[in-house]
Number of protein chains: 4
Amino acid sequence: MYSFTNDYNEIAHPEVMKALNDLAGKRFTGYGTDGLCKKVADQIKQRIGQPNADIHFFNGGTITNLTTISHILRPHQAVISVVGGHIDVHETGAIEASGHKVITVESASGKLTPVHIKKVLAEHPDEHSVQPKLVYISNSTEIGTVYRKAELVALREICDAHGLLLFMDGARLASGLMSTVSDLTIEDIAQLTDVFYIGGTKIGALTGEILVLLNPAIKTDFRYSIKQKGGLQAKGWLLAAQFEALFNDDLYFQLGQHINDTANQLADFFTEKGFGFLAPVESNQVFVILPNSLSDKVLSHYVVSKVCEPTADTTCLRFCTSWSTTSQDIEKLKQTFNSLI
Amino acid sequence: MYSFTNDYNEIAHPEVMKALNDLAGKRFTGYGTDGLCKKVADQIKQRIGQPNADIHFFNGGTITNLTTISHILRPHQAVISVVGGHIDVHETGAIEASGHKVITVESASGKLTPVHIKKVLAEHPDEHSVQPKLVYISNSTEIGTVYRKAELVALREICDAHGLLLFMDGARLASGLMSTVSDLTIEDIAQLTDVFYIGGTKIGALTGEILVLLNPAIKTDFRYSIKQKGGLQAKGWLLAAQFEALFNDDLYFQLGQHINDTANQLADFFTEKGFGFLAPVESNQVFVILPNSLSDKVLSHYVVSKVCEPTADTTCLRFCTSWSTTSQDIEKLKQTFNSLI
Amino acid sequence: MYSFTNDYNEIAHPEVMKALNDLAGKRFTGYGTDGLCKKVADQIKQRIGQPNADIHFFNGGTITNLTTISHILRPHQAVISVVGGHIDVHETGAIEASGHKVITVESASGKLTPVHIKKVLAEHPDEHSVQPKLVYISNSTEIGTVYRKAELVALREICDAHGLLLFMDGARLASGLMSTVSDLTIEDIAQLTDVFYIGGTKIGALTGEILVLLNPAIKTDFRYSIKQKGGLQAKGWLLAAQFEALFNDDLYFQLGQHINDTANQLADFFTEKGFGFLAPVESNQVFVILPNSLSDKVLSHYVVSKVCEPTADTTCLRFCTSWSTTSQDIEKLKQTFNSLI
Amino acid sequence: MYSFTNDYNEIAHPEVMKALNDLAGKRFTGYGTDGLCKKVADQIKQRIGQPNADIHFFNGGTITNLTTISHILRPHQAVISVVGGHIDVHETGAIEASGHKVITVESASGKLTPVHIKKVLAEHPDEHSVQPKLVYISNSTEIGTVYRKAELVALREICDAHGLLLFMDGARLASGLMSTVSDLTIEDIAQLTDVFYIGGTKIGALTGEILVLLNPAIKTDFRYSIKQKGGLQAKGWLLAAQFEALFNDDLYFQLGQHINDTANQLADFFTEKGFGFLAPVESNQVFVILPNSLSDKVLSHYVVSKVCEPTADTTCLRFCTSWSTTSQDIEKLKQTFNSLI
């Protein structure tokens with residue numbers, strides 16, 4: 001069965017594989033101290049317009065999130081997330097295991113707003129409860145929605161007003177940035193956040209994420225935190241080489257465009273057929289709501305995730321496109337789908 | 001100004017003070033290994049009908065909660081509480097600081113039910129999220145409501161059905177048990193929970209809580225946990241002596257009756273005057289809702305806690321009675337109140 | 001059997017008990033926000049010559065140590081202690097449970113020196129190992145020795161040279177300061193450390209320690225840490241009242257003098273009898289080394305701690321004097337002892 | 001400069017790279033639930049003679065150690081290691097960060113013995129100190145020595161006698177097992193330990209370690225721990241494919257033989273030249289002791305680690321051979337070295 005189950009089910013984009021194979025026979029020093037890591041870090045800093053940023057290479061999202069958040073927070077401080085945020089429900093309590101509460105707020109759009117932040121601050125006035133310190137957002141979000149520039153600016157402003165820091169989880173940053181509804185550039189994100197990461201695993205890397213530390217206050221001793229949490233890769237250059245390939249000629253952004261295009265193709269088809277969505281389709285994840293009987297048929301032909309049951313009669317399925325998904329794959333799915341209705 | 005702000009604003013009931021003064025000149029071994037601790041533990045075990053229980057003495061609620069919960073849970077396991085439960089909002093993230101998520105559910109009554117537990121279990125199906133393992137309840141609850149026997153039996157049953165453990169925070173157990181609406185005895189609680197505690201600090205002790213471990217699976221090495229968390233009192237007998245006094249002739253329960261009676265006097269008065277409550281008055285906390293202007297006047301004459309603003313025009317104040325609150329104190333408050341309306 | 005087992009086996013000095021009894025009928029606000037706490041904090045600040053210090057009340061040593069150390073350190077930082085320091089072996093891994101390594105160094109004197117610190121710094125050069133940040137010492141030490149002013153100045157200097165902080169555990173501070181070999185005052189300690197505490201539990205308090213934060217960099221949000229670790233006493237004034245009594249007319253220091261005097265009486269006697277010690281007797285703990293046969297006889301007449309067996313034929317016993325130990329108690333012990341030889 | 005600095009400075013053995021390249025175009029389910037992970041796990045279980053073992057794939061040593069140790073231990077329990085063990089000094093306090101003390105003992109051989117364990121048990125008798133529960137050893141050790149079967153049997157016996165568990169860090173297992181002095185097989189290790197891992201990163205894998213859980217008591221919910229600590233690889237099959245290649249025709253063991261052979265060539269040469277070693281050369285690490293002047297010259301021609309200065313006049317250098325080190329590389333080093341003497 002063809003799989004739309006996620007965006008990390010194939011090994012890597014051919015350019016990434018080529019870059020890795022080209023490393024054969026070369027020798028490097030360990031733990032990210034090599035020249036290739038330095039070179040790629042410099043390229044990334046230039047690309048995002050932040051020559052003073054600190055760049056660190058990770059090999060997965062959860063370890064990036066838990067290392068970053070536990071590095072920033074003091075023991076009594078907490079991070080704010082939407083209910084259903086990755087750190088809330090998909091990381092087995094990794095943040096709490098590092099000692100910190102994840103304060104959650106309901107958000108139908110999957111996005112945080114200043115109204116949410118103000119409410120949290122009002123509810124945590126003194127030392128009898130935790131101290132909110134960090135705002136955690138994802139772009140695109142867990143339900144595929146995408147931040148607009150004005151929304152991010154508003155978050156930046158409320159963070160500044162209250163001494164909060166802003167962290168963007170960019171596991172699906174390529175898709176978020178290349179959304180047709182997005183007016184944000186990667187330079188904007190680097191200007192508006194204190195720390196964010198550029199996800200690779202879900203957009204054609206073998207595995208890898210680049211963490212970008214912008215706020216000087218959180219840069220000190222960061223490598224200690226990476227090492228302590230078990231995330232310091234002995235072969236850091238493995239990660240650097242992949243991102244060199246992905247940022248060559250902006251391949252990273254082209255792949256983001258591609259996965260959004262195929263998702264939009266799919267969304268348009270579902271709309272045409274009269275089906276609705278859990279949230280607006282703005283990136284590479286399509287959360288379509290189908291009658292239960294049709295959902296069952298689809299599940300017998302495709303590997304997709306069953307997300308929830310919005311009503312007794314309907315099921316929400318998630319179709320996730322990948323860098324390797326082609327327009328032909330979508331066309332074929334349409335035919336299959338038509339035959340099932 | 002007379003204070004109804006809480007139930008721990010005086011030193012201790014005279015019988016407790018007498019018991020402490022009587023210790024002068026006596027010598028004891030340290031860390032709860034003395035004969036008095038053993039004697040009082042035996043008395044408590046007999047009183048609750050659980051000769052095989054393990055008894056541990058603590059000097060406050062938060063340290064009791066965090067020690068017990070972190071002792072029971074493995075790193076990936078979580079505790080379920082109502083939103084607003086003591087461990088959720090009044091302990092500065094103590095449970096998360098010990099590594100564990102507090103999974104919260106909304107409950108207007110302040111009480112957990114099997115419906116809540118089932119929902120939590122359904123939302124935490126596998127290793128990508130934490131594993132719910134412990135159910136945390138308080139009796140009386142944070143909003144002064146009280147569990148009925150049928151409710152506790154129902155929680156016991158769902159816990160048994162799903163391998164969950166049940167922990168009752170008894171910081172206000174005397175008040176909870178002696179509620180006019182309560183059909184629970186302390187023996188029932190000892191039969192229906194895996195662990196609970198008998199709070200002393202809020203009912204006439206200088207300071208102290210007795211933790212009762214009932215489930216053999218959680219007894220092993222418990223003293224290691226008390227010591228590690230900083231709660232093992234060098235002078236354990238200080239705590240034992242107080243509870244000996246409190247359980248002599250069931251003084252503990254008489255005081256519970258007394259604080260409920262004075263609270264009911266107050267509640268009847270407010271009802272008579274036409275004011276409503278945030279939650280039914282079932283124990284020694286009265287959460288009355290007043291017009292803002294009246295609330296302001298009350299706050300200028302009495303020390304009471306401002307809890308919330310249910311509407312733009314109203315304020316909820318908490319009046320908390322104490323073992324030292326007299327009927328005369330209530331009558332005086334009524335007079336003052338009448339003069340303010 | 002008369003007990004020399006420790007210095008916290010009786011309830012409290014009569015002046016402390018009087019102060020507590022005098023609190024009856026008074027009402028206070030909770031969690032250390034009351035006027036008595038403020039008043040006593042001001043007195044302490046004046047007494048130690050540090051008007052800008054922050055004062056916090058605790059009810060025991062382990063909770064003071066773990067709260068202070070975990071508040072100060074970032075996740076990758078560690079604390080340095082002698083092997084056998086209280087945080088190393090008597091607190092069930094409380095510091096590690098808060099996430100931090102205790103780096104230990106052997107020291108026959110029980111004291112840390114700049115040589116130890118330099119060695120530790122040399123062995124922890126980069127992010128592959130923890131970062132030493134805090135120096136933990138006790139005065140008097142676990143083996144009863146006492147810091148001289150020059151030793152403390154030397155520690156201060158090496159700390160300053162390497163950005164380390166200095167924390168003195170003062171569980172037995174009264175005894176340490178009043179040692180005949182001590183040239184340190186409490187004002188000196190307040191000038192030379194970043195944080196220290198004034199122990200009460202082992203010198204006549206019911207229970208209690210006063211933590212003094214001197215370095216402004218570690219003051220921020222300290223009450224959050226106390227609350228989170230379970231150490232924020234609901235009735236803070238209970239602790240304040242005791243220290244008011246102990247610092248009235250310098251009773252605290254008189255008691256320190258007294259326990260040292262009785263210990264010295266004992267030490268002189270043992271010396272006279274030809275027995276040696278594990279460490280020089282400088283405070284209220286006497287670690288005498290006896291032939292095994294004599295040690296056994298002593299243990300059948302007195303409650304004292306068996307510490308170690310320096311050789312196959314000898315045993316080290318700890319005699320610890322208390323505020324309630326009298327010269328008569330010592331004389332009686334001498335007689336008994338003479339009858340056993 | 002040619003590097004003998006470590007055994008993970010090249011990308012991967014050609015067979016491993018081939019296996020990875022062969023994955024192109026294939027799709028897998030996530031997080032180790034795919035068929036390839038299952039197939040390779042079965043192969044490993046068969047190879048080690050433990051059909052009931054649980055197999056988990058990791059991508060590095062520190063994350064494997066911290067996940068395993070924190071999964072096994074309850075909060076008050078500790079792990080025993082030699083001073084200088086990887087978890088003691090090379091992981092930035094990762095074990096302490098998960099809440100557990102690493103109890104260390106000095107060992108000139110780099111190996112733990114029953115004598116060490118007994119001493120630790122005697123020093124940790126009750127709840128005032130941590131409870132030793134896990135014994136951590138490495139094979140080969142940090143100083144390149146190798147366990148004999150009798151030594152491992154003796155450790156197993158003392159563990160059984162005291163309810164301790166035994167964990168072998170196998171980051172350099174291939175080298176350890178193929179040592180000329182080793183009489184252990186991988187089947188022996190699987191029989192004698194409760195858990196061990198088969199390191200890949202240091203013997204030709206791109207990156208990867210296979211954890212083998214043997215004791216049923218520690219298997220439960222292990223995937224929760226992997227996910228929580230950030231080690232659950234989205235693309236588990238990446239790791240499986242590498243080990244399939246490494247265990248095909250026992251390539252893993254052949255590479256272990258090869259790196260030992262080249263190390264022995266080097267050791268023989270140094271011996272011939274009259275130089276001694278920090279520890280017997282038993283695996284792929286050669287810790288040679290050279291006069292300082294010669295050491296300096298060597299360091300200007302080769303990338304090797306400076307380990308310590310055994311005396312004022314001598315330096316210990318570590319030469320580490322790799323799967324890609326050839327006999328020609330060694331011959332060339334000999335020539336260079338001869339020219340420097």
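This is a predicted model: local features need pLDDT of at least 70, side-chain atom pairs count only at pLDDT 80 or more; totals for chains, interfaces and linings use all residues.
**Confidence**

I looked up the scores before anything else. The predictor gives the complex an ipTM of 0.97 and a pTM of 0.97. For chain A I noted an average pLDDT of 97. In that chain, 100% of the residues score at least 70.

**Chain D against chain A**

How many residues does each chain bring to the contact? I found 42 residues from chain D and 42 residues from chain A. Next I looked up the area. The two chains bury about 3,600 Å² between them. Carbon and sulfur atoms account for 52% of that.

I turned to the polar side of the same interface. I counted 27 residue pairs in polar contact between chain D and chain A, both residues at pLDDT 80 or more. Which elements of chain D give two or more residues to this side? My list runs β1 (2–3), α1 (14–21), α3 (61–72), α5 (94–97), α10 (222–228) and α11 (236–247) of chain D. By class, the side of chain D that touches chain A has 19 nonpolar, 16 polar and 7 charged residues.

For salt bridges, the rule finds 2 across the interface of chain D and chain A. I looked at Arg27(A) and Glu10(D), whose side chains meet in a salt bridge at 2.8 Å, N to O. That pair passes because its distance is within the 4 Å cut-off.

**Symmetry, D on A**

I superposed chain D on chain A. A rotation of 180° does it, with 0.0 Å of shift along its axis. The RMSD is 0.0 Å. That is the relation of a two-fold axis. I also checked the surfaces: 100% of the contact residues of chain D recur in chain A, so the same surface serves both copies.

**Symmetry, C on A**

I repeated the exercise with chain C.

Most residues other than glycine have a negative phi, and most peptide bonds are trans. I looked for exceptions to both.

In chain C, a cis peptide bond joins Asn139(C) and Ser140(C), with omega about -5°. Ser140(C) sits in the loop between β5 (131–138) and α7 (149–162) of chain C. In chain D, Asn139(D) and Ser140(D) are joined by a cis peptide bond, with omega about -5°. Ser140(D) is in the loop between β5 (131–138) and α7 (149–162) of chain D.

For phi, I noted Tyr31(B). Its phi is positive, about 60°, although Tyr31(B) is not a glycine. I placed Tyr31(B) in the loop between α1 (14–21) and α2 (35–47) of chain B.

**Salt bridges, whole model**

I finished with the total: the structure holds 74 salt bridges over all chains. One of them I traced within a helix. Glu123(B) and Lys119(B) meet through their side chains at 3.1 Å, N to O. Both lie in helix α6 (residues 114–123) of chain B. They are 4 residues apart, about one turn of the helix.

Technical notes. Residues are numbered from 1 along each chain as its sequence is written. Chains are lettered from A and ligands numbered from 1 in the order in which they are written. Side-chain values use heavy atoms; hydrogens and water are left out. Contact means heavy atoms within 4.5 Å. Buried area is the accessible area (1.4 Å probe) that two parts lose on being put together, summed over both. A polar contact is a pair of N or O atoms within 3.5 Å; within protein, one must be able to donate a hydrogen and the other to accept it, and residues adjacent in sequence count only if both atoms are side-chain atoms. Ala, Val, Leu, Ile, Met, Phe, Trp, Tyr, Cys and Pro count as nonpolar, Asp, Glu, Lys and Arg as charged, and the others, Gly among them, as polar. Copies are superposed by least squares on the C-alpha atoms of residues with pLDDT of at least 70 in both. pLDDT is the predictor's confidence in each residue, from 0 to 100.
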